[in-house]
Amino acid sequence: MVTWAWRVMGGLVLLAALAAVSLAVLVPRLAGATPYTVLTGSMSPTMPPGTLVVVRPVDAKDIQIGMVITYQLDSGDPTVVTHRVVAQGFNAKGEPIFRTQGDANDVPDEKWVRPVQIRGEKWYSVQYLGYVSNVLTGKERQMGVYLTAAGLMGYALLMFASSVRDNRRRVVEKESVHV
């Protein structure tokens with residue numbers, strides 16, 4: 001009984017680790033999305049510091065008020081912010097522009113956001129997983145992809161072997177009943 005409980009506990013820990021790596025690394029990579037980590041409390045309580053935000057590309061014409069977008073503070077600058085769109089309009093060139101605001105902030109952001117600055121819209125977010133993502137370097141993330149794939153294949157093989165074993169037991173039990 002104790003051995004069974006340890007196996008179940010170990011399986012659950014393995015599945016939780018695989019799920020975390022999948023959400024943080026594998027799913028975004030396969031879907032062409034980008035993971036970011038929320039570093040400030042401007043989007044609290046829905047996305048407190050440490051939240052992993054996975055952002056997928058979006059066309060500026062599809063952005064609507066209420067959407068959460070990630071954008072560069074200045075075009076070409078790698079520093080990004082994830083805030084909610086609270087207003088939209090057009091600049092003198094006729095380009096769409098967006099006013100954003102953090103959910104926890106009392107006032108909108110000072111500058112309007114241009115399409116060239118937008119990295120994408122929030123696809124999904126997972127609280128606290130951003131801390132793990134920040135610790136991993138590019139090589140470690142790649143290793144995480146490989147380990148996740150290997151873990152999933154190993155789990156599939158284990159399930160297959162278990163199924164074959166159970167089928168053999170049923171066959172043996174049927175044969176012993178007929179004898």
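1. A nonpolar core is a set of buried Ala, Val, Leu, Ile, Met, Phe, Trp, Tyr and Cys residues joined through side-chain atoms within 4.5 Å. Buried means under 20% relative accessible area, exposed over 50%, and partly exposed in between, with a 1.4 Å probe and protein chains only. The largest such core here has ten residues: Ala60, Ile63, Met67, Ile69, Tyr71, Val81, Val85, Phe98, Val113 and Ile118. Two elements, β3 (68–72) and β4 (80–90), each give two or more residues to this core. Another core lies apart from it, with six residues, including Val38, Met43, Val53 and Val55. In soluble globular proteins, nonpolar side chains tend to be buried together.

2. A word on the model. It is predicted, so local features need pLDDT of at least 70 and side-chain atom pairs count only at pLDDT 80 or more, while totals for chains, interfaces and linings use all residues. Residues are numbered from 1 along each chain as its sequence is written, and side-chain values use heavy atoms, with hydrogens and water left out.

3. Now the overall plan. The chain has three helices and six strands. Helices (H or I, at least four residues) and strands (E, at least two) are DSSP runs, numbered from the N terminus. Their order from that end is α-β-β-β-β-β-β-α-α. The chain holds 179 residues, and 29% of them count as buried. Contact means heavy atoms within 4.5 Å. Take the contacts between residues at least 6 apart in sequence: 54% join residues at least 24 apart.

4. Look next at β3. Five of its five residues are buried. In a regular strand the side chains alternate between the two faces of the sheet. Both faces of β3 are covered: Val68, Thr70 and Gln72 are buried on one side, Ile69 and Tyr71 on the other.

5. How do the strands pair? Two strands pair if DSSP finds at least two bridges between them. β3 and β4 run antiparallel, joined by five bridges; Thr70 stands opposite Thr82 in β4. β3 also pairs with β6 in the antiparallel sense, over three bridges. There, Ile69 has Glu121 as its bridge partner.

6. β4 and β5 are antiparallel too, with six bridges. Gly89 is the bridge partner of Ile97 in β5. The two strands form a hairpin with five residues between them, and Gly94 in the turn has a positive phi of about 85°. Five of the six residues of β5 are buried.

7. Asp109 does have polar contacts. A polar contact is a pair of N or O atoms within 3.5 Å; within protein, one must be able to donate a hydrogen and the other to accept it, and residues adjacent in sequence count only if both atoms are side-chain atoms. The side chains of Asp109 and Tyr71 make one of 2.9 Å. Those of Asp109 and Thr100 make one of 2.4 Å.
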